[in-house]
Amino acid sequence: MAAVQNILLDIGRLAPFCPFIGGSVLRSAHERVRGCSRKTNPHLHTQKFPYAIKALPDVLARKWDDADFQPYKDAFPAEHRTSPAALQAHVEDLTKRDVKIAYLKNLQGYLWEDGYKTGAYATPLFSDVAPKLQEWRDAGKKLAIYSSGSVFAQKLLFQHVSEGERVEDRTGLIDGWFDTVNAGLKTEAESYRKIVAALGWTAESTLFLTDNVKEVDAAAAAGVQTILVDRPGNAVLADSDRQRLHIVTTFLALEC
């Protein structure tokens with residue numbers, strides 16, 4: 001196995017989440033304090049991005065005719081942007097079905113930005129993440145993010161990392177940002193080849209960290225080294241996958 005010089009990270013393995021939100025890496029400050037409880041909102045299990053859904057009606061009412069909102073609205077199919085109510089209904093339907101589509105991701109990023117600016121959001125990383133990212137950077141390794149969430153949203157997340165009572169900008173740790181728009185689907189080997197080429201890396205010297213078995217297999221098919229990160233709330237792994245994959249439960253177990 002070649003020495004690891006570059007690390008590609010699935011953003012979902014960096015931050016805590018409530019399993020019933022479907023793996024959302026972002027929670028409101030209020031939810032972070034109260035913890036992961038269904039009593040907080042019994043309907044959150046159908047909402048992958050609860051803040052975005054909650055904020056959307058107000059944003060549509062305020063921004064429907066604003067120039068800065070038009071690109072986000074106009075990206076939606078014409079039949080779903082005839083009115084704020086029509087767009088709201090379409091967004092709720094896509095979110096409930098966990099449909100990953102570019103115009104929805106971009107709108108979510110717009111809504112997240114509003115939440116970050118107002119202080120409703122900050123990103124609580126797992127306690128082992130920030131020290132390990134800094135350790136890798138100090139050792140001269142290159143880091144990049146690959147997520148189904150938009151690049152815009154990824155950067156917002158890293159610009160607002162909660163560390164105790166402080167909110168820090170950690171974008172300087174990251175060398176590249178990739179999503180399903182600029183790289184392709186995470187379950188296709190070609191996406192990883194594209195990322196490696198775009199960054200000037202080699203597949204053999206790159207390690208991909210994710211919690212998704214299909215993504216592990218796709219990256220491995222592209223010649224990328226892989227480790228599956230099994231965090232609380234992950235999907236249950238099959239015994240066969242546990243036997244064949246390299247698995248860790250914390251970044252502290254990574255020696256690279």
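Analyst: Two residues are in contact when heavy atoms of theirs lie within 4.5 Å. This is a predicted model, in which local features need pLDDT of at least 70 and side-chain atom pairs count only at pLDDT 80 or more, while totals for chains, interfaces and linings use all residues. Residues are numbered from 1 along each chain as its sequence is written, and side-chain values use heavy atoms, with hydrogens and water left out.

The chain has 10 helices and eight strands. Helices (H or I, at least four residues) and strands (E, at least two) are DSSP runs, numbered from the N terminus. Of the 256 residues, 50% are buried. Buried means under 20% relative accessible area, exposed means over 50%, and partly exposed is in between, with a 1.4 Å probe and protein chains only. Among contacts between residues at least 6 apart in sequence, 63% join residues at least 24 apart.

Start with helix H5, residues 102–117. The expected span of a helix is 1.5 Å times one less than its number of residues. Buried residues of H5 include Tyr103, Leu104, Leu107, Gln108 and Trp112. Just after H5, Gly119 has a positive phi of about 85°.

H5 packs with helix H4 (residues 84–96) at an angle of about 105°, their axes 11 Å apart. Axes are lines fitted to C-alpha atoms, for helices over the stretch in contact, and angles run from 0 to 180 degrees between N-to-C directions. Angles under 35 degrees count as roughly parallel, over 145 as roughly antiparallel, 65 to 115 as roughly perpendicular and the rest as oblique. H4 and H5 are therefore roughly perpendicular. Leu87, His90, Val91, Leu94 and Thr95 of H4 meet Tyr103, Leu104, Leu107 and Gln108 of H5. By class, this contact holds six nonpolar, three polar and no charged residues. Here Ala, Val, Leu, Ile, Met, Phe, Trp, Tyr, Cys and Pro are nonpolar, Asp, Glu, Lys and Arg are charged, and the others, Gly among them, are polar.

A second pair is H8 (residues 189–199) and H9 (residues 213–221), whose axes come within 7 Å and cross at roughly 60°. H8 and H9 are therefore oblique to each other. Their crossing is right-handed, meaning that the near helix is turned clockwise from the far one by less than a right angle. H8 contributes Ala189, Tyr192 and Arg193 to the contact, and H9 contributes Glu215, Ala218, Ala219 and Ala221. Five of the contact residues are nonpolar, none polar and two charged.

At 35% relative accessibility, Gly223 is partly exposed. Neighbours within four places in sequence aside, Gly223 contacts Ala203 and Glu204. Gly223 and Ala203 are 20 residues apart in sequence, with their C-alpha atoms 5.4 Å apart.

Two buried residues complete the picture. Asp241 belongs to helix H10 (residues 239–244) and has a relative accessible area of 13%, so it counts as buried. Residues up to four places away in sequence not counted, Asp241 touches Val213 and Ile247. Tyr146 lies in strand E2 (residues 142–146) and is buried, at 0% relative accessible area. Tyr146 and Asp179 are 33 residues apart in sequence, yet 5.5 Å apart from C-alpha to C-alpha.
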